[in-house]
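User: I'd like to learn how to read a few features of a fold. Could you walk me through them one at a time?

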Amino acid sequence: MIGGHLAPVFTPLPVLVPMLAAAMTLVAGRRPRLQRAITVLALSVVLVVSAVLVYLADRDGTIALQVGGWGPAESGMGPLGITLVVDRLSALMLVVSSIVLLAVVFYAIGQGIRDGDGRQPVSIFLPTYLVLSAGVFMAFLAGDLFNLFVGFEVLLAASFVLLTIGASKERVRAGISYVMVSMVSSLVFLLGIALVYASTGTLNLAELSVRLGTVPQGTRTALFAVLLVAFGIKAAVFPLSTWLPDSYPTAPAPVTAVFAGLLTKVGVYAIIRAHSLLFPGGTMDNVLLVAGLATMLMGILGAIAQSDIKRLLSFTLVSHIGYMVFGISLSTQLGMSGAIFYVAHHILVQTTLFLVVGLIERQAGASTLQRLGGLAAASPLLAFVFVVPALNLGGIPPFSGFIGKVALLEAGSQVGSALAWTLVAGSVVTSLLTLYVIARVWTKAFWRPRADAPEGHLATAAPAVLLDDTEDSVDIEFAQRDDVGRMPIGMLAPTGALIAVGLMLTVLAGPIFAYSDRAADEVLDPGQYISAVLGDMR
C-alpha cells in the first residue's frame, strides 16, 4: 500500500458515494428538493475526495487498494479481487470529471431538470445521473480489465436512459443507434478480455504488464488491435466515430454536455492505459498516428458542413479527439504530457460550450444557425460566455487550448518523422478550420441581425417545457415559448464557473503542466504502477 493511512479511506469513495446517493435519491423520488440536495452533496464530497487523491498521488506516488483485502500476500499469486489504483493521471481525471459533473447538475437544476412529456418519469434523472457518475469514476479507478469493462457498462446503461429522456421520436431514434454501437463496442471489448485472459491467465493490469512481455509479438499486436477497436469506438476515433454526431445533439443540454465532455474521454483514458501499460513499445503507433490525423480532419470538415450548433460542436468534439490520439501515439514524454493536459482542457471547454448552447436555446428558442441572429445585441452576457470557451477551443493564445496544442506540435517536431510532421501540419490546419467554424457561428448567430436570418421568424416556435417544482407532471406547449429571452441564474452560474475553471488552466498553466509532466513520466514508466499493485511479487 502506497499513499499513507488516508488512501484506503478515500480511494473507493468516488464510486461508493454516488452509488449510495443514487439509491437514496431513488427512494426520495417524490421529494425533488431532497433529491437535489442529496445529489449536490454527493458530488461535492466526491470533488473534495478527488482533490485529496490528487494531493496524495502527487506526494506519495501511485495508490493501490485491494478491495476486500485479497492482496498479493494472501493469494500468493497476485491480486485475485478488485484492485483500485490511483496515480497522477487517474487522480487528475477524477477531479476534472467531478468538477464537470457538479457544475452540470447545478445547471440541470437551474433549467428545471425535466425534459419530456407527462408520461416521462422525471424523478429518475438524478439517480441515473449519479449512476453515470459512479461508472465514470469506476473506469478511472479500475486496476483490471474486467472492472474497466464494468465501469463502461455502468455508465453506458445510465447513458441509455439519459439519452432518451423525454421519449421524443428523435431521441428514441438516436438512442437506438447509440445502444447498437455501444453494444458492438462492449462485445468487442469482452472478446478482447477473453483473448487476453486466454493468453496470460490474468486480467489485472499490473500483472498483464509483466506477463504480456512473454507473449509472442504477433499475439500481442492482435490483442492490442482488438482492444483499440473497442476503445476507439468509445473514444470516437475515426473511422469509428460516425455514431456520435447523430446521437449526442438530440439529448437535453445538460445530458449532451456531460456526454460530450466525459464519455469519450473515458475511451481516451483506456487507450492511454493500453498503450503505455499493457502494450508499450510503439507497435501500433503509426496506425494511431494515421487515425489521429483522420479524426482531426474528418471531424472538422464535418463541422464546417453543419448548420445546427449542437451537431457542429459534436463534430468538433470528434476532431479534437484526434489531438489526444496524436500525443499518445508519439510515445514520448512531451507528447503524453501534452495529451494529458489537452484531455483536461477539452473536458472543461467542450462541456462549457454545450451548456452555452442550452443558454442560446433558452435565449433565442433555437440552436440552428438559419434561425439565429442578433444575440450579441440581445444579450452581451451570452455573447461573452460563448466567445471565451470558443476561442479557447480554437487555440487562441494565451488560452489553455493554445498551450496544449503548442506542446503537441513541439512533441511532433521532436520526433521528426515524416508521419509526425504530417500530423503537425494536420494539427495546424485543424486549428485554423476550428477558428473558421467558431467565426461562422459568431457572425451568423451573434453578429448579424435576426431579420437577416433565413428562418429567424421561426425561432420562437419551438415547444416549451413548463415546469413546476412542486409537481411531478410536465406540461408541453407547442405555441410561442414563454421562456425565450430568459436565462436563469441557475444556468448561468455553473456555466460561468466552468469558464472560470477553464481560465485557471491558463493562469496556472505552469504548475498544471508540470503536474501533467509528472503524470506522463508515471504513465510511461510502468514500473511505478506495477510496484504499487504487486509490491514485492514483481
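This is a predicted model: local features need pLDDT of at least 70, side-chain atom pairs count only at pLDDT 80 or more; totals for chains, interfaces and linings use all residues.

User: Let's begin with a pocket. Which helices each supply at least two residues of the lining of the second largest pocket?

Analyst: A pocket lining is read by tracing its residues back to their elements. Here, helix H3 (32-60), helix H5 (88-111), helix H15 (333-364), helix H20 (489-507) and helix H21 (509-524) each contribute at least two lining residues. The pocket holds about 400 Å³ of space. It is lined by 17 residues, of which Leu92, Val95, Val96, Leu505 and Ile512 are the closest to its centre.

User: How many helices and strands are there in the protein chain, and what share of its residues is buried?

Analyst: The protein chain has 22 helices and four strands. Of its 538 residues, 60% are buried.

User: Now the surface. Which residues form a nonpolar patch there?

Analyst: For a patch, we look at neighbouring side chains as a group. Val172, Ile176 and Met180 make up a nonpolar one, with about 280 Å² of accessible area together. Ile176 belongs to helix H8 (residues 169-200). Ile176 counts as exposed because its relative accessible area is 51%, and the cut-off for exposed is over 50%.

User: On to the backbone. Which peptide bonds are cis?

Analyst: Omega is the angle to check. The bond from Phe238 to Pro239 is cis, with omega near 5°, and Pro239 sits in the loop between helix H10 (217-235) and helix H11 (244-247). The bond from Pro397 to Pro398 is also cis, again with omega near 5°. Pro398 is placed in the loop between helix H17 (380-394) and helix H18 (400-415).

User: And phi: which residues have a positive value without being glycine?

Analyst: Ala236 is one, with phi of about 65°; it is found in the loop between H10 and H11. Ser331 also has a positive phi, near 60°, and lies in the loop between helix H14 (309-329) and H15.

Notes: Residues are numbered from 1 along each chain as its sequence is written. Side-chain values use heavy atoms; hydrogens and water are left out. Patches are made of residues with over 30% relative accessible area and no salt bridge: like charges are joined within 9 Å, nonpolar side chains (Val, Leu, Ile, Met, Phe, Trp, Tyr) within 5 Å. Accessible areas come from the Shrake-Rupley method with a 1.4 Å probe; for residues, only the protein chains shown count as cover. A salt bridge is a side-chain nitrogen of Lys or Arg within 4 Å of a carboxyl oxygen of Asp or Glu. Buried means under 20% relative accessible area, exposed over 50%, partly exposed in between (1.4 Å probe, protein chains only). On a 1 Å grid over the protein atoms alone, a cavity is a set of points where a 1.4 Å probe fits but cannot get out, and a pocket is an open set with protein on both sides within 12 Å along at least five of seven lines; lining residues have an atom within 4 Å of a point. Grid points are joined across faces, edges and corners, and a volume is the space filled by probe spheres set on the points.
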